[in-house]
Amino acid sequence: MSFKLSLLFFFFLTLRVPVVLGSESLFDTIGKEVNRIFENNKSAVVRVRVEKRGGAKIYCSGFFIDSQGTLITASGGGGQASDALFYVDYQNQWHLARTLGVDERSGVAVLQLMDGQKPFPYLKLAKNIDISTGTPIVGIGFPYNLPSSPSFGLIVGKECEYLNHFFPTTHLRVNTRINPGQIGGPLINSKGLVIGMISLSVKDEEWSYALPSNAIKKVVDDINHFGKVRYGWVGVAVTKLGREDTEGKVVVARLFPNTPVTGSGLREGDVVVSINGKKIENLSDVMDASFFVSVGQRIPVRVIRDGKPLLFEFLVGERPIDTPSGSTILPNSPEELKKTWTNTLPVSTAPLSSPIEKTTSSH
């Protein structure tokens, strides 16, 4: 479904003007397209029941990502999800799934269904996640524990923060109404590829955020290889001078001790130009660059100091479990910044790799 068609759809809804394309109304055309995507992919989307310690039960949606029964769903939120039991309603029968891994930071649980008819129907993750604002999508899920149903909407934004809460990487904002039970369901484009998993419903369920497919792939790959998601970091916190949505500079705000950055020569106040080849203009760029680096990987970090370009190279360590998920970002308010700097933040006692020596660059 084209961007132009989706715009016409919302123009039609707003002005209540009947639009006709040839012999078929615009309503009929969009309805057929949504139904096509839904019918072609609904068999790979399942209802999931999360049973936590103490007897609490949460219903959500999930979907298979390969023919062997691997599926992803929402972690269920709120502590002890790693100890929870996940049941999958497949072919009208509840099955206890094997938990391969739960990552609370991204809100993803990776499961394996061991019984059930194989091969399992599955959805493919989109590899190219350069999604533009205005892209139409179809969501599939189980609202209020009812049968699966489609929802239609647009990608209306991409953010790394909502109400001072930082996501681990940029999320897709969708103007689709998401009801309880639909969290964990896929967002599918017109080619039938998953571009995201619904992870959060906000503003009285009128719109939602979704974890992009490239981030889903990183979570799944890490859990398959290590049993957990290994978040890399070099021990640097940054802030932005100026508002996030305006021009400004992303600068080094704090260097954590006993991390790969220790003794490297990087300084507070250095202006960050790029991380691992990714141009840095906003705080969300830093979050994205940090999310996709691998522990043990060498990454170049370019900065500007006193008008001169400098190049540093670091061996990425693993972010300590006890470090706040948002510690990569510090507030740009002078009072908040001062308060943050005077607080003692937890530092891992685990040994980390030594930093690579810095070099200069003509840049």
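This is a predicted model: local features need pLDDT of at least 70, side-chain atom pairs count only at pLDDT 80 or more; totals for chains, interfaces and linings use all residues.
Residues are numbered from 1 along each chain as its sequence is written, and side-chain values use heavy atoms, with hydrogens and water left out. Local features need pLDDT of at least 70 and side-chain atom pairs count only at pLDDT 80 or more, while totals for chains, interfaces and linings use all residues.

Helices (H or I, at least four residues) and strands (E, at least two) are DSSP runs, numbered from the N terminus. Helix α3 covers residues 213-226, 14 residues in total. From first C-alpha to last, α3 reaches 20 Å, close to the 20 Å expected at 1.5 Å a residue. The expected span is 1.5 Å times one less than the number of residues. Buried residues of α3 include Ile216, Val219, Val220 and Ile223. Here, buried means under 20% relative accessible area, exposed over 50%, and partly exposed in between (1.4 Å probe, protein chains only). Just after α3, Gly227 takes a positive phi of about 80 degrees.

The structure holds 12 aromatic pairs. Rings of Phe, Tyr and Trp (its six-membered ring) pair if their centres lie within 6.5 Å; planes under 30 degrees apart count as stacked, over 60 as edge-to-face and the rest as tilted. Phe64 lies in strand β4 and Tyr90 in strand β6, so the pair ties together parts 26 residues apart in sequence. Both residues, Phe64 and Tyr90, are buried. Trp233 and Phe256 form a tilted pair, at 5.2 Å and 55 degrees. Trp233 is buried at 7% relative accessible area, and Phe256 is buried at 2%.

A salt bridge is a side-chain nitrogen of Lys or Arg within 4 Å of a carboxyl oxygen of Asp or Glu. The count comes to 11 salt bridges. Arg305 and Asp270 form one of them, with the closest N and O atoms 2.8 Å apart. Arg305 lies in strand β21 and Asp270 in the loop between β18 and β19, so the bridge ties together parts 35 residues apart in sequence. Arg305 is buried at 12% relative accessibility, and Asp270 is buried at 2%.

Arg230 takes part in two kinds of contact. Its side chain meets that of Glu318 in a salt bridge of 3.7 Å, N to O. The two residues, Arg230 and Glu318, are 88 residues apart. Arg230 also lies over the face of Phe226, at 4.5 Å from the ring centre. Such a charge has NZ of Lys or CZ of Arg within 6 Å of the ring centre and within 35 degrees of the ring normal.
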